[in-house]
Amino acid sequence: MTAENAEILNKINAYAEKTLADIDPQKTPVSYQLETLKPVMEEIAKEKGMSVEDVFILYMDLASEVAVKAEAQFQSEMRDVME
């Protein structure tokens, strides 16, 4: 992940923590969650000369990358504990 991509991910995540802090993501429609994140994605799109759709796709890709790394780290730690 590039430094610029990490900055984008951190900015969206920080915004999400503030604006979506009181919701249950399992019970809240994804459409509502995305609509709530739209202002920060629009801001990033303007800053980076991208479309909002491209920012959204980038965000989803980066979030998936982080999730895969976290899962791999968890699996590695579990293997170490089981040995």
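Analyst: A crossing is called left-handed if the near helix is turned anticlockwise from the far one by less than a right angle, and right-handed if clockwise; α1 passes α2 in a right-handed crossing. Helices here are DSSP runs (H or I, at least four residues), numbered from the N terminus. This is a predicted model, in which local features need pLDDT of at least 70, side-chain atom pairs count only at pLDDT 80 or more, and totals for chains, interfaces and linings use all residues. Residues are numbered from 1 along each chain as its sequence is written, and side-chain values use heavy atoms, with hydrogens and water left out.

User: How do you know whether α1 and α2 are roughly parallel or antiparallel to each other?

Analyst: Their axes, lines fitted to C-alpha atoms over the stretch in contact, with angles from 0 to 180 degrees between N-to-C directions, cross at roughly 155°. Angles over 145 degrees count as roughly antiparallel (under 35 roughly parallel, 65 to 115 roughly perpendicular, the rest oblique), and α1 and α2 are therefore roughly antiparallel.

User: What makes K38 in helix α2 the place of a kink?

Analyst: The bend at a residue is the angle between axes fitted to the seven residues ending there and the seven starting there, and at K38, shortly before the proline P39, a kink of about 45° lies in α2 (residues 30-48).

User: Why is A72 called neither buried nor exposed?

Analyst: Buried means under 20% relative accessible area and exposed over 50%, with partly exposed in between (1.4 Å probe, protein chains only). A72 has 44%, and is therefore partly exposed; its place is in helix α3.

Notes. Helices (H or I, at least four residues) and strands (E, at least two) are DSSP runs, numbered from the N terminus.
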